[in-house]
Amino acid sequence: MSASEDIRAELAAIEALAAEALAGAADLGALRSAEAELLGRRSALAALGSRLGALGEAERRQLGADLNAARARLAELARTRSDLLEAARREARLEEDRLDLTEASLLGPRAWVRGVPERGRLHLVTRTRDELEDIFVGMGFGVVEGTEAETDWYNFEALNMPPAHPARSMWDTLYLDLGEPEGVLLRTHTSPVQVHLLETVGPPLRAVMPGRCYRKETPDARHLAVFHQIEGLVVDEGIGFADLAGTVEVFTRAYFGQEMLTRLRPSFFPFTEPSAELDVTCPVCGGAGCRTCSGSGWIELGGAGMVDPNVLDAVGVDSERWTGFAFGFGIDRLAMIRAGLDDLRALTDNDLRLLHQV
Ligand code: PHE
């Protein structure tokens with residue numbers, strides 16, 4: 001065999017072996033080291049190249065080209081294998097990261113006790129809000145949502161509280177650093193949605209407006225700085241206080257059942273006249289007086305009253321023709337009372353032992 005035939009035969013053998021090794025690399029690490037070994041400077045291929053110098057010009061050229069072609073084929077093979085392994089790795093990662101959301105439900109509702117994550121569910125406050133909406137929808141109300149950031153006009157002024165009105169101190173307000181100083185705030189109640197609704201839709205209307213509210217307040221058993229209210233507004237011709245009392249009665253029966261004692265107590269709000277507060281018997285002490293109700297035996301659910309004509313006038317609704325009533329109840333308190341919690345803060349502690357009970 002001539003020297004060139006010898007080299008050609010060796011090249012074929014080296015390529016065959018190298019191709020097999022590259023195609024068989026089990027993972028990206030193995031592929032990288034096979035590449036270095038088979039195509040690198042110390043490879044059999046490189047050693048073969050250095051032997052070409054001893055050949056004549058024409059043979060050297062021909063074999064040099066063959067060698068380069070073999071190297072190119074092997075490099076291409078390595079690339080294909082690399083792409084394949086890369087894709088497989090990605091796939092394996094995805095598979096690993098996948099959350100099996102069916103697992104917990106298959107394991108049963110108390111799987112969390114054994115340290116297995118349980119399927120999530122809606123928070124008590126959210127479920128209460130949904131239920132309240134259902135009750136009012138059943139009574140013919142629509143459901144409307146407002147925004148949590150409001151201007152002073154919607155939260156106070158249009159509700160019959162001009163700037164510096166003393167009643168504003170009933171709501172400790174958190175202001176946003178936007179626009180005029182103290183011009184934009186986090187709504188302290190859902191009543192501003194009444195104003196939006198009167199402005200955009202106008203009477204006759206009958207709607208509830210649930211949502212989150214904010215007050216600069218130190219949380220205690222009956223107060224949270226971030227809490228939820230459900231506002232109600234009915235405006236039509238000939239609406240009177242009896243309509244308000246009847247609606248509140250039907251609602252409290254639907255939500256609490258027949259046994260719960262409730263009362264409407266005279267009160268004051270700048271945007272209703274007359275105004276009342278809705279109380280229910282404290283579920284913790286049954287009315288005897290305890291820490292939860294501060295010894296009064298009653299828990300306040302929120303305010304209500306006949307819409308003050310000034311509110312209607314502020315948005316251009318004819319207060320001679322239209323009358324209405326409004327209410328604003330605390331959703332968290334409604335949830336707390338029916339679940340028999342003695343402290344509102346339990347709703348935001350995220351203690352799973354409690355969340356699993358309520
Ligand atoms: N917005 C009042 C509050 O948060 C409650 C209320 C609503 C009172 C509607 C009367 C009418 O205290």
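**Reading a ligand site**

Tutor: Let us begin with a contact: in this predicted model, a side-chain N or O atom of Gln229 lies 2.9 Å from an oxygen atom of the ligand. Arg215 also has a side-chain N or O atom 3.0 Å from a ligand oxygen atom.

Student: Which ligand atom lies 2.9 Å from a polar side-chain atom of Ser191?

Tutor: That atom is a nitrogen of the ligand.

Student: How much of the ligand's accessible area does the protein cover?

Tutor: One takes the accessible area of the ligand on its own, here 330 Å², and asks what part the protein covers; the share is 94%.

Student: Which residues come nearest to the ligand?

Tutor: There are 15 residues around the ligand, and the nearest are His189, Ser191, Arg215, Gln229 and Gly328. By type, this shell holds 6 nonpolar, 7 polar and 2 charged residues.

Student: Which element gives the most residues to the shell?

Tutor: Strand E9 does, with 3 residues. H8, E5, E8 and E9 are the elements that each supply two or more.

Student: What space does the ligand take?

Tutor: The ligand takes the largest pocket, whose space is about 610 Å³. Its lining has 36 residues, with Arg215, Phe227, Gln229, Glu300 and Gly302 closest to the centre.

Student: Which element gives the largest share of that lining, and how is the lining divided by type?

Tutor: Strand E8 gives the largest share, 8 residues. The lining of the largest pocket comprises 15 nonpolar, 12 polar and 9 charged residues.

Definitions and conventions:
Residues numbered from 1 in each chain as written. Predicted model: local features only at pLDDT ≥ 70, side-chain atom pairs only at ≥ 80, totals over all residues. Heavy atoms only, no water. 1 Å grid on protein atoms, 1.4 Å probe; cavity = no way out; pocket = protein on both sides within 12 Å on 5 of 7 lines; lining within 4 Å. Points joined across faces, edges and corners; volume = space filled by probe spheres on them. Helix = DSSP H or I, 4+ residues; strand = E, 2+ residues; numbered from the N terminus. Nonpolar A, V, L, I, M, F, W, Y, C, P; charged D, E, K, R; others polar. Near = heavy atom within 4 Å. Polar contact = N/O pair within 3.5 Å; in protein donor to acceptor, adjacent residues only side chain to side chain. Areas by Shrake-Rupley, 256 points an atom, 1.4 Å probe, with all protein chains shown as cover. Sits in = over half its atoms within 2 Å of the grid points.
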